[in-house]
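My notes follow in the order I took them.

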Amino acid sequence: MSSAIIVGGGIAGLRAANVLKSHGLKVTILEGRDRVGGRILTETEPFMHEMGASWFHSTATNNLMPLLKTLNIEGYFDDSSVVALTEHGPAKGSGGNVKNEFVAWAHNYFKLNPTAEDMSAKKLYQKYAESVSHIDSEAKEQGYAVARFFEIPFGMPFSEISGKAVSGAGGSRPRDLYILNGYTKVIDWLKKEIADDIKLGVDVSAIEKTSSGYKVTTSKGDYTADAVIVAAPLNVLKRGDISLPSDVSKVSQALQHMSYGGMSKIYLTFDKPFWDTSVDQFHYIPSENAKEAVLNQPFVIVNLAASGKAQGLCFLTSKETSDLLEKTSTKDDIVNLIKPVLSVLGYKDEKPTFVERTTWTQDKYAGNGTFSSTKVGDDRGAWLEAVHAVSGNLQFAGEHCAFDNAGAADGAFDSGSVAAKKILEGLKVAYKNDNFAKL
Ligand SMILES: Cc1cc2nc3c(=O)[nH]c(=O)nc-3n(C[C@H](O)[C@H](O)[C@H](O)COP(=O)(O)OP(=O)(O)OC[C@H]3O[C@@H](n4cnc5c(N)ncnc54)[C@H](O)[C@@H]3O)c2cc1C
(Lines give C-alpha, C1' and ligand atoms only; values in the text may rest on other atoms or scores of the structure.)
Protein backbone atom coordinates (compact mmCIF):
# COMPACT_ATOMS: atom_id res chain seq x y z
CA MET A 1 0.00 0.00 0.00
CA SER A 2 1.46 3.39 -0.97
CA SER A 3 1.59 6.06 1.69
CA ALA A 4 1.30 9.86 1.75
CA ILE A 5 1.93 12.53 4.36
CA ILE A 6 -0.11 15.70 4.19
CA VAL A 7 1.43 18.68 5.93
CA GLY A 8 -1.35 20.95 7.23
CA GLY A 9 -4.94 20.08 8.09
CA GLY A 10 -6.74 23.03 6.50
CA ILE A 11 -9.44 22.55 3.87
CA ALA A 12 -6.79 21.92 1.17
CA GLY A 13 -4.87 19.28 3.13
CA LEU A 14 -8.04 17.52 4.33
CA ARG A 15 -9.46 17.42 0.81
CA ALA A 16 -6.20 15.99 -0.56
CA ALA A 17 -6.13 13.36 2.20
CA ASN A 18 -9.72 12.31 1.42
CA VAL A 19 -8.99 11.89 -2.29
CA LEU A 20 -5.83 9.86 -1.62
CA LYS A 21 -7.46 7.66 1.01
CA SER A 22 -10.44 6.93 -1.24
CA HIS A 23 -7.89 5.65 -3.81
CA GLY A 24 -6.41 3.21 -1.31
CA LEU A 25 -3.41 5.15 0.01
CA LYS A 26 -2.40 5.18 3.66
CA VAL A 27 -2.56 8.86 4.65
CA THR A 28 -1.16 10.75 7.64
CA ILE A 29 -2.11 14.38 8.19
CA LEU A 30 0.42 16.32 10.28
CA GLU A 31 -1.15 19.41 11.82
CA GLY A 32 0.76 21.89 13.98
CA ARG A 33 -2.26 23.20 15.88
CA ASP A 34 -4.46 21.28 18.29
CA ARG A 35 -7.32 21.44 15.77
CA VAL A 36 -7.83 21.04 12.04
CA GLY A 37 -9.61 23.56 9.80
CA GLY A 38 -6.85 26.18 9.69
CA ARG A 39 -8.28 29.46 8.45
CA ILE A 40 -11.81 28.05 8.73
CA LEU A 41 -12.86 28.40 12.34
CA THR A 42 -16.46 28.62 13.55
CA GLU A 43 -17.11 29.83 17.09
CA THR A 44 -20.45 29.05 18.67
CA GLU A 45 -20.72 31.42 21.64
CA PRO A 46 -22.70 33.59 22.17
CA PHE A 47 -23.88 32.94 18.59
CA MET A 48 -22.41 31.06 15.67
CA HIS A 49 -19.81 33.25 13.98
CA GLU A 50 -16.84 32.77 11.71
CA MET A 51 -13.34 33.86 12.67
CA GLY A 52 -11.99 32.88 9.24
CA ALA A 53 -13.92 32.23 6.02
CA SER A 54 -17.60 33.20 6.14
CA TRP A 55 -18.78 33.39 2.50
CA PHE A 56 -18.98 30.85 -0.27
CA HIS A 57 -17.56 33.29 -2.81
CA SER A 58 -18.44 33.33 -6.53
CA THR A 59 -21.35 30.93 -6.12
CA ALA A 60 -21.75 30.30 -9.86
CA THR A 61 -18.41 28.50 -9.98
CA ASN A 62 -17.80 27.60 -6.32
CA ASN A 63 -17.12 23.90 -6.00
CA LEU A 64 -18.41 23.78 -2.42
CA MET A 65 -21.97 24.72 -3.48
CA PRO A 66 -23.23 21.09 -3.79
CA LEU A 67 -22.44 20.75 -0.07
CA LEU A 68 -25.24 23.16 0.83
CA LYS A 69 -27.76 20.39 0.31
CA THR A 70 -25.64 17.43 1.43
CA LEU A 71 -24.60 19.06 4.71
CA ASN A 72 -27.68 21.24 5.32
CA ILE A 73 -25.60 24.37 5.16
CA GLU A 74 -27.73 27.51 5.34
CA GLY A 75 -26.64 30.64 3.57
CA TYR A 76 -27.81 34.19 2.98
CA PHE A 77 -27.02 36.28 -0.12
CA ASP A 78 -26.09 39.51 1.60
CA ASP A 79 -25.87 41.57 -1.57
CA SER A 80 -29.45 42.86 -1.86
CA SER A 81 -28.69 46.22 -0.33
CA VAL A 82 -25.26 47.71 0.12
CA VAL A 83 -25.06 51.26 1.46
CA ALA A 84 -21.93 53.33 0.98
CA LEU A 85 -21.17 55.72 3.84
CA THR A 86 -18.66 58.48 4.39
CA GLU A 87 -17.80 60.21 7.63
CA HIS A 88 -20.49 62.75 6.72
CA GLY A 89 -23.26 60.23 6.06
CA PRO A 90 -24.50 58.41 2.92
CA ALA A 91 -22.00 58.67 0.06
CA LYS A 92 -22.98 60.95 -2.81
CA GLY A 93 -21.52 61.11 -6.26
CA SER A 94 -20.18 58.57 -8.68
CA GLY A 95 -17.23 57.05 -6.74
CA GLY A 96 -18.26 53.43 -7.41
CA ASN A 97 -18.64 54.02 -11.15
CA VAL A 98 -15.34 55.90 -11.35
CA LYS A 99 -13.61 53.02 -9.56
CA ASN A 100 -15.08 50.60 -12.14
CA GLU A 101 -13.90 52.86 -14.94
CA PHE A 102 -10.42 52.96 -13.39
CA VAL A 103 -10.24 49.13 -13.39
CA ALA A 104 -11.40 48.98 -17.03
CA TRP A 105 -8.87 51.69 -17.94
CA ALA A 106 -6.12 49.79 -16.08
CA HIS A 107 -6.99 46.59 -17.93
CA ASN A 108 -6.73 48.40 -21.24
CA TYR A 109 -3.50 50.12 -20.19
CA PHE A 110 -1.68 46.81 -19.63
CA LYS A 111 -3.29 45.33 -22.76
CA LEU A 112 -1.95 48.19 -24.90
CA ASN A 113 1.40 48.21 -23.06
CA PRO A 114 2.11 44.52 -22.46
CA THR A 115 5.72 45.20 -21.49
CA ALA A 116 4.86 48.01 -19.05
CA GLU A 117 6.35 47.54 -15.60
CA ASP A 118 3.98 46.82 -12.77
CA MET A 119 3.25 49.78 -10.51
CA SER A 120 1.29 50.20 -7.30
CA ALA A 121 -2.49 50.48 -7.53
CA LYS A 122 -2.08 53.99 -6.08
CA LYS A 123 0.34 55.09 -8.83
CA LEU A 124 -1.84 53.47 -11.46
CA TYR A 125 -4.85 55.40 -10.17
CA GLN A 126 -2.84 58.63 -10.37
CA LYS A 127 -1.93 57.79 -13.96
CA TYR A 128 -5.59 57.15 -14.75
CA ALA A 129 -6.68 60.40 -13.08
CA GLU A 130 -4.06 62.37 -15.05
CA SER A 131 -4.99 60.82 -18.37
CA VAL A 132 -8.79 61.23 -18.32
CA SER A 133 -10.42 64.62 -18.70
CA HIS A 134 -14.09 63.63 -18.86
CA ILE A 135 -14.53 63.60 -15.06
CA ASP A 136 -13.88 66.40 -12.59
CA SER A 137 -11.44 66.33 -9.68
CA GLU A 138 -14.20 65.68 -7.13
CA ALA A 139 -15.29 62.53 -8.98
CA LYS A 140 -11.63 61.46 -9.26
CA GLU A 141 -11.24 61.81 -5.50
CA GLN A 142 -14.42 59.84 -4.86
CA GLY A 143 -13.26 57.11 -7.26
CA TYR A 144 -9.91 56.92 -5.49
CA ALA A 145 -11.56 56.49 -2.08
CA VAL A 146 -13.78 53.68 -3.38
CA ALA A 147 -10.85 52.01 -5.20
CA ARG A 148 -9.11 51.80 -1.83
CA PHE A 149 -11.59 49.00 -1.00
CA PHE A 150 -9.08 46.73 -2.76
CA GLU A 151 -7.07 47.09 0.47
CA ILE A 152 -9.45 44.65 2.18
CA PRO A 153 -9.34 41.62 -0.19
CA PHE A 154 -5.64 42.23 -0.91
CA GLY A 155 -4.84 42.68 2.79
CA MET A 156 -2.34 45.46 2.14
CA PRO A 157 -2.27 49.25 1.58
CA PHE A 158 -3.24 50.66 -1.83
CA SER A 159 0.33 51.93 -2.22
CA GLU A 160 1.61 48.31 -2.11
CA ILE A 161 -1.02 46.44 -4.14
CA SER A 162 0.04 45.33 -7.63
CA GLY A 163 -1.60 47.58 -10.23
CA LYS A 164 -1.46 44.69 -12.72
CA ALA A 165 -3.44 42.51 -10.31
CA VAL A 166 -6.06 45.26 -9.87
CA SER A 167 -6.30 45.62 -13.65
CA GLY A 168 -7.57 42.03 -13.78
CA ALA A 169 -10.29 42.64 -11.20
CA GLY A 170 -12.94 43.98 -13.59
CA GLY A 171 -16.12 42.41 -14.86
CA SER A 172 -19.39 41.90 -13.07
CA ARG A 173 -19.13 40.90 -9.45
CA PRO A 174 -20.06 37.26 -8.80
CA ARG A 175 -22.47 36.51 -5.93
CA ASP A 176 -21.28 35.56 -2.46
CA LEU A 177 -23.26 33.48 0.04
CA TYR A 178 -22.85 34.28 3.76
CA ILE A 179 -22.81 31.02 5.71
CA LEU A 180 -25.15 31.04 8.71
CA ASN A 181 -24.85 27.70 10.48
CA GLY A 182 -21.15 26.95 10.48
CA TYR A 183 -18.47 26.79 7.77
CA THR A 184 -16.99 24.12 10.00
CA LYS A 185 -19.59 21.68 8.63
CA VAL A 186 -17.32 21.44 5.59
CA ILE A 187 -14.34 20.62 7.82
CA ASP A 188 -16.37 18.06 9.83
CA TRP A 189 -17.42 16.40 6.55
CA LEU A 190 -13.81 16.26 5.35
CA LYS A 191 -12.66 14.89 8.72
CA LYS A 192 -15.15 12.01 8.79
CA GLU A 193 -13.25 9.41 6.77
CA ILE A 194 -9.77 10.38 7.96
CA ALA A 195 -10.26 11.19 11.66
CA ASP A 196 -7.88 8.41 12.76
CA ASP A 197 -5.19 9.55 10.32
CA ILE A 198 -4.85 13.07 11.77
CA LYS A 199 -1.96 13.84 14.13
CA LEU A 200 -2.47 17.12 16.00
CA GLY A 201 0.24 19.26 17.64
CA VAL A 202 2.84 18.06 15.15
CA ASP A 203 4.96 20.97 13.92
CA VAL A 204 6.69 20.16 10.65
CA SER A 205 10.12 21.74 10.11
CA ALA A 206 11.70 19.89 7.16
CA ILE A 207 10.97 17.63 4.20
CA GLU A 208 13.81 15.63 2.66
CA LYS A 209 13.97 13.24 -0.25
CA THR A 210 15.29 9.75 0.60
CA SER A 211 16.15 6.77 -1.58
CA SER A 212 12.68 5.31 -1.02
CA GLY A 213 10.44 8.38 -0.66
CA TYR A 214 10.37 11.29 1.81
CA LYS A 215 11.36 11.96 5.40
CA VAL A 216 9.39 14.63 7.29
CA THR A 217 11.02 16.11 10.38
CA THR A 218 8.60 17.27 13.08
CA SER A 219 8.41 18.35 16.72
CA LYS A 220 7.24 14.78 17.47
CA GLY A 221 9.91 12.84 15.58
CA ASP A 222 10.38 11.79 11.97
CA TYR A 223 7.71 10.41 9.62
CA THR A 224 8.32 8.70 6.28
CA ALA A 225 6.10 8.10 3.26
CA ASP A 226 6.17 7.53 -0.50
CA ALA A 227 4.61 10.92 -1.18
CA VAL A 228 4.09 14.29 0.50
CA ILE A 229 1.61 17.11 -0.05
CA VAL A 230 2.61 20.41 1.52
CA ALA A 231 -0.62 22.24 2.39
CA ALA A 232 0.72 24.86 4.81
CA PRO A 233 0.01 28.59 4.19
CA LEU A 234 2.12 30.51 1.67
CA ASN A 235 3.85 32.63 4.29
CA VAL A 236 4.86 29.60 6.35
CA LEU A 237 6.76 28.37 3.28
CA LYS A 238 7.97 31.79 2.17
CA ARG A 239 9.75 32.48 5.44
CA GLY A 240 11.28 29.00 5.50
CA ASP A 241 9.49 27.51 8.56
CA ILE A 242 9.49 24.25 6.60
CA SER A 243 12.70 23.51 4.71
CA LEU A 244 12.06 21.94 1.30
CA PRO A 245 14.17 19.54 -0.79
CA SER A 246 16.53 21.14 -3.32
CA ASP A 247 14.73 19.62 -6.33
CA VAL A 248 11.85 22.06 -5.75
CA SER A 249 14.16 25.07 -5.62
CA LYS A 250 12.15 26.72 -8.45
CA VAL A 251 9.11 26.67 -6.18
CA SER A 252 11.13 28.18 -3.33
CA GLN A 253 12.35 30.94 -5.69
CA ALA A 254 8.89 31.68 -7.12
CA LEU A 255 7.55 31.93 -3.55
CA GLN A 256 9.65 35.05 -3.07
CA HIS A 257 7.55 36.78 -5.76
CA MET A 258 4.29 36.22 -3.92
CA SER A 259 2.99 38.12 -0.91
CA TYR A 260 0.70 37.53 2.01
CA GLY A 261 -2.02 39.89 3.17
CA GLY A 262 -3.58 40.68 6.53
CA MET A 263 -7.20 41.36 7.34
CA SER A 264 -9.09 41.28 10.65
CA LYS A 265 -12.67 40.97 11.75
CA ILE A 266 -14.39 42.63 14.67
CA TYR A 267 -17.72 41.33 15.99
CA LEU A 268 -19.91 43.61 18.10
CA THR A 269 -23.42 42.88 19.31
CA PHE A 270 -25.87 45.18 21.12
CA ASP A 271 -29.19 44.83 22.97
CA LYS A 272 -30.85 47.00 20.35
CA PRO A 273 -29.58 47.89 16.89
CA PHE A 274 -28.90 51.60 16.26
CA TRP A 275 -28.13 51.08 12.57
CA ASP A 276 -30.46 50.52 9.63
CA THR A 277 -31.15 46.79 9.94
CA SER A 278 -32.72 46.56 6.48
CA VAL A 279 -29.27 46.98 4.91
CA ASP A 280 -27.12 43.90 4.21
CA GLN A 281 -23.73 45.58 4.17
CA PHE A 282 -22.36 49.05 4.81
CA HIS A 283 -19.21 50.10 2.99
CA TYR A 284 -17.40 52.83 4.85
CA ILE A 285 -15.49 54.94 2.31
CA PRO A 286 -12.21 56.32 3.67
CA SER A 287 -11.62 60.02 3.95
CA GLU A 288 -8.07 61.37 3.53
CA ASN A 289 -8.81 64.48 5.62
CA ALA A 290 -10.62 62.82 8.52
CA LYS A 291 -9.79 64.00 12.05
CA GLU A 292 -9.65 60.41 13.32
CA ALA A 293 -7.03 58.23 11.61
CA VAL A 294 -9.34 55.21 11.55
CA LEU A 295 -11.76 57.14 9.31
CA ASN A 296 -9.07 57.20 6.64
CA GLN A 297 -9.41 53.42 6.29
CA PRO A 298 -12.02 51.40 4.34
CA PHE A 299 -14.37 48.99 6.16
CA VAL A 300 -16.83 46.39 4.97
CA ILE A 301 -19.49 46.15 7.68
CA VAL A 302 -21.81 43.15 7.61
CA ASN A 303 -25.17 43.74 9.28
CA LEU A 304 -25.71 40.45 11.10
CA ALA A 305 -29.30 41.41 11.89
CA ALA A 306 -30.26 41.25 8.18
CA SER A 307 -29.78 37.49 8.07
CA GLY A 308 -31.19 37.08 11.58
CA LYS A 309 -27.83 35.88 12.86
CA ALA A 310 -27.41 38.38 15.72
CA GLN A 311 -28.16 41.96 16.75
CA GLY A 312 -24.71 42.84 15.67
CA LEU A 313 -22.14 43.97 13.14
CA CYS A 314 -19.05 42.35 11.71
CA PHE A 315 -16.30 44.71 10.52
CA LEU A 316 -13.73 43.58 7.94
CA THR A 317 -10.68 45.76 8.22
CA SER A 318 -7.77 46.91 6.06
CA LYS A 319 -4.19 45.91 6.93
CA GLU A 320 -3.48 49.22 8.65
CA THR A 321 -6.51 48.89 10.93
CA SER A 322 -5.78 45.18 11.50
CA ASP A 323 -2.28 46.00 12.74
CA LEU A 324 -3.66 48.56 15.21
CA LEU A 325 -6.50 46.30 16.25
CA GLU A 326 -4.32 43.34 17.02
CA LYS A 327 -2.20 45.49 19.32
CA THR A 328 -5.23 46.32 21.49
CA SER A 329 -5.47 44.37 24.71
CA THR A 330 -8.97 45.04 26.06
CA LYS A 331 -12.50 45.05 24.73
CA ASP A 332 -12.72 48.78 25.54
CA ASP A 333 -9.63 49.38 23.37
CA ILE A 334 -11.33 47.58 20.49
CA VAL A 335 -14.54 49.61 20.86
CA ASN A 336 -12.60 52.86 21.21
CA LEU A 337 -10.62 52.11 18.06
CA ILE A 338 -13.74 51.50 16.00
CA LYS A 339 -15.98 54.15 17.68
CA PRO A 340 -15.61 56.82 14.95
CA VAL A 341 -16.86 54.31 12.36
CA LEU A 342 -19.66 53.15 14.66
CA SER A 343 -20.72 56.79 15.03
CA VAL A 344 -21.20 57.01 11.27
CA LEU A 345 -23.77 54.22 11.68
CA GLY A 346 -25.65 56.09 14.44
CA TYR A 347 -23.81 54.85 17.55
CA LYS A 348 -24.35 56.94 20.72
CA ASP A 349 -22.23 55.09 23.31
CA GLU A 350 -24.49 52.03 23.65
CA LYS A 351 -22.72 49.26 25.59
CA PRO A 352 -21.91 46.25 23.42
CA THR A 353 -23.08 42.87 24.72
CA PHE A 354 -20.25 41.04 22.94
CA VAL A 355 -16.91 42.20 21.53
CA GLU A 356 -14.43 40.02 19.70
CA ARG A 357 -11.66 40.40 17.16
CA THR A 358 -9.53 37.96 15.19
CA THR A 359 -5.79 37.50 15.68
CA TRP A 360 -4.62 35.86 12.45
CA THR A 361 -1.66 38.20 12.07
CA GLN A 362 -0.38 36.96 15.45
CA ASP A 363 -0.76 33.31 14.47
CA LYS A 364 2.34 31.58 13.12
CA TYR A 365 0.31 28.63 11.78
CA ALA A 366 -1.70 31.09 9.67
CA GLY A 367 1.59 32.55 8.41
CA ASN A 368 0.87 35.68 10.48
CA GLY A 369 -1.73 36.84 8.00
CA THR A 370 -4.86 35.81 6.18
CA PHE A 371 -4.40 34.96 2.50
CA SER A 372 -1.98 35.10 -0.41
CA SER A 373 -1.86 38.42 -2.18
CA THR A 374 -0.09 40.29 -4.97
CA LYS A 375 2.20 43.17 -4.12
CA VAL A 376 3.57 45.47 -6.83
CA GLY A 377 6.20 43.50 -8.76
CA ASP A 378 4.89 40.07 -7.67
CA ASP A 379 4.21 37.41 -10.24
CA ARG A 380 1.34 35.07 -9.40
CA GLY A 381 1.49 33.59 -12.91
CA ALA A 382 5.13 32.58 -12.47
CA TRP A 383 4.34 31.14 -9.03
CA LEU A 384 1.46 29.02 -10.39
CA GLU A 385 3.62 27.87 -13.28
CA ALA A 386 6.44 26.85 -10.93
CA VAL A 387 4.24 25.07 -8.42
CA HIS A 388 2.23 23.18 -11.04
CA ALA A 389 5.32 22.22 -13.05
CA VAL A 390 6.48 20.09 -10.13
CA SER A 391 6.09 16.48 -11.07
CA GLY A 392 6.51 13.44 -8.88
CA ASN A 393 5.61 12.60 -5.36
CA LEU A 394 6.04 15.97 -3.65
CA GLN A 395 3.16 18.34 -4.36
CA PHE A 396 1.77 21.59 -2.98
CA ALA A 397 -1.78 22.58 -2.08
CA GLY A 398 -3.51 25.51 -0.40
CA GLU A 399 -5.40 28.64 -1.42
CA HIS A 400 -2.17 30.10 -2.85
CA CYS A 401 -1.93 27.20 -5.36
CA ALA A 402 -5.44 27.67 -6.78
CA PHE A 403 -5.94 28.62 -10.43
CA ASP A 404 -9.42 30.00 -9.71
CA ASN A 405 -10.63 31.71 -6.55
CA ALA A 406 -7.13 31.95 -5.12
CA GLY A 407 -7.22 33.16 -1.55
CA ALA A 408 -10.62 31.57 -0.95
CA ALA A 409 -11.71 28.35 0.75
CA ASP A 410 -13.09 26.76 -2.42
CA GLY A 411 -9.86 27.58 -4.27
CA ALA A 412 -7.98 25.83 -1.45
CA PHE A 413 -10.33 22.82 -1.66
CA ASP A 414 -9.80 22.55 -5.43
CA SER A 415 -6.03 22.79 -4.99
CA GLY A 416 -6.22 19.75 -2.69
CA SER A 417 -7.97 17.78 -5.47
CA VAL A 418 -5.33 18.83 -8.01
CA ALA A 419 -2.37 17.92 -5.77
CA ALA A 420 -3.89 14.52 -4.89
CA LYS A 421 -4.55 13.75 -8.55
CA LYS A 422 -0.92 14.51 -9.42
CA ILE A 423 0.31 12.21 -6.64
CA LEU A 424 -1.97 9.43 -7.93
CA GLU A 425 -0.60 9.95 -11.45
CA GLY A 426 2.96 9.69 -10.06
CA LEU A 427 2.07 6.46 -8.27
CA LYS A 428 0.25 5.17 -11.37
CA VAL A 429 -3.08 4.83 -9.56
CA ALA A 430 -6.09 5.38 -11.84
CA TYR A 431 -8.00 8.48 -10.79
CA LYS A 432 -11.77 8.35 -10.17
CA ASN A 433 -13.54 11.71 -9.95
CA ASP A 434 -16.01 12.08 -7.07
CA ASN A 435 -17.74 15.04 -8.76
CA PHE A 436 -16.21 17.51 -6.32
CA ALA A 437 -13.01 17.82 -8.32
CA LYS A 438 -12.86 20.74 -10.72
CA LEU A 439 -9.56 19.80 -12.34
C1 LIG B 1 -10.32 36.43 8.36
C2 LIG B 1 -10.46 35.59 7.12
C3 LIG B 1 -11.62 35.68 6.35
C4 LIG B 1 -11.76 34.91 5.21
N5 LIG B 1 -12.93 34.97 4.51
C6 LIG B 1 -13.14 34.08 3.53
C7 LIG B 1 -14.45 33.94 2.98
O8 LIG B 1 -15.39 34.59 3.39
N9 LIG B 1 -14.60 33.02 1.98
C10 LIG B 1 -13.59 32.23 1.52
O11 LIG B 1 -13.81 31.43 0.63
N12 LIG B 1 -12.35 32.34 2.05
C13 LIG B 1 -12.12 33.22 3.06
N14 LIG B 1 -10.91 33.26 3.67
C15 LIG B 1 -9.83 32.44 3.14
C16 LIG B 1 -9.95 30.98 3.52
O17 LIG B 1 -10.22 30.87 4.89
C18 LIG B 1 -8.64 30.30 3.17
O19 LIG B 1 -8.32 30.53 1.80
C20 LIG B 1 -8.68 28.78 3.35
O21 LIG B 1 -9.30 28.40 4.55
C22 LIG B 1 -7.22 28.31 3.31
O23 LIG B 1 -7.18 26.92 3.42
P24 LIG B 1 -5.77 26.19 3.30
O25 LIG B 1 -6.03 24.76 3.54
O26 LIG B 1 -5.07 26.63 2.08
O27 LIG B 1 -4.88 26.80 4.51
P28 LIG B 1 -5.11 26.74 6.08
O29 LIG B 1 -6.55 26.69 6.40
O30 LIG B 1 -4.33 27.84 6.67
O31 LIG B 1 -4.47 25.33 6.48
C32 LIG B 1 -3.08 25.16 6.61
C33 LIG B 1 -2.82 24.31 7.83
O34 LIG B 1 -1.41 24.13 7.97
C35 LIG B 1 -1.11 24.13 9.34
N36 LIG B 1 0.33 24.42 9.50
C37 LIG B 1 0.97 25.59 9.30
N38 LIG B 1 2.28 25.44 9.53
C39 LIG B 1 2.49 24.17 9.89
C40 LIG B 1 3.65 23.41 10.27
N41 LIG B 1 4.86 23.96 10.30
N42 LIG B 1 3.48 22.12 10.63
C43 LIG B 1 2.25 21.54 10.60
N44 LIG B 1 1.12 22.21 10.26
C45 LIG B 1 1.25 23.50 9.90
C46 LIG B 1 -2.01 25.21 9.90
O47 LIG B 1 -2.18 25.10 11.30
C48 LIG B 1 -3.30 24.98 9.12
O49 LIG B 1 -4.19 24.13 9.79
C50 LIG B 1 -10.73 34.03 4.83
C51 LIG B 1 -9.59 33.91 5.59
C52 LIG B 1 -9.46 34.67 6.75
C53 LIG B 1 -8.26 34.46 7.61
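**Loop residues and backbone angles**

I began with Ser58, which sits in the loop between β5 (55-56) and α2 (67-70). Helices here are DSSP runs of H or I with at least four residues, strands are runs of E with at least two, and both are numbered from the N terminus. I noted that this is a predicted model, where local features need pLDDT of at least 70, side-chain atom pairs count only at pLDDT 80 or more, and totals for chains, interfaces and linings use all residues. Residues are numbered from 1 along each chain as its sequence is written, and side-chain values use heavy atoms, with hydrogens and water left out.

I read phi of Ser58 as near 45 degrees, a positive value in a residue other than glycine. Is Ser58 buried or exposed? Ser58 is buried, with a relative accessible area of 12%. Buried means under 20% relative accessible area, exposed means over 50%, and partly exposed is in between (1.4 Å probe, protein chains only).

Asp349 also has a positive phi, near 75 degrees, and is not glycine. I found Asp349 in the loop between α12 and β20 (354-357). Asp349 counts as exposed, at 54% relative accessibility.

Next I checked Pro46, in the loop between β3 (42-43) and β4 (49-50). The peptide bond from Glu45 to Pro46 is cis, with omega near -10 degrees.

Thr328 is buried at 12% relative accessible area. What does the side chain of Thr328 reach? It reaches the backbone oxygen of Leu325 at 2.5 Å. I take a polar contact as a pair of N or O atoms within 3.5 Å; within protein, one must be able to donate a hydrogen and the other to accept it, and residues adjacent in sequence count only if both atoms are side-chain atoms.

**The ligand site**

I found 39 residues around the ligand, the closest being Glu31, Arg39, Trp55, Gly407 and Ala409. A residue is near a molecule if one of its heavy atoms lies within 4 Å of it. By class, the shell has 22 nonpolar, twelve polar and five charged residues.

I then looked at ligand oxygen atoms. One lies 2.8 Å from a polar backbone atom of Trp55. For Glu399, the distance from a polar backbone atom to a ligand oxygen is 2.9 Å. For Ala408, a backbone N or O atom is 3.5 Å from a ligand oxygen. Taken alone the ligand exposes 1,000 Å², and the protein buries 98% of that. Areas come from the Shrake-Rupley method with a 1.4 Å probe.

I traced an open sheet of five strands in the order β10-β2-β1-β14-β22, with parallel pairing. Its edge strands, β10 (198-199) and β22 (394-396), each pair on one side only. Two strands pair if DSSP finds at least two bridges between them.

Strand β2 (residues 26-30) pairs with β10 over two bridges, and Ile29 stands opposite Ile198 in β10. Strand β1 (residues 3-7) pairs with β2 over five bridges. There, Ile6 has Ile29 as its bridge partner. Four of the five residues of β2 are buried, so β2 is largely enclosed by the rest of the structure.

Key
Ala, Val, Leu, Ile, Met, Phe, Trp, Tyr, Cys and Pro count as nonpolar, Asp, Glu, Lys and Arg as charged, and the others, Gly among them, as polar.
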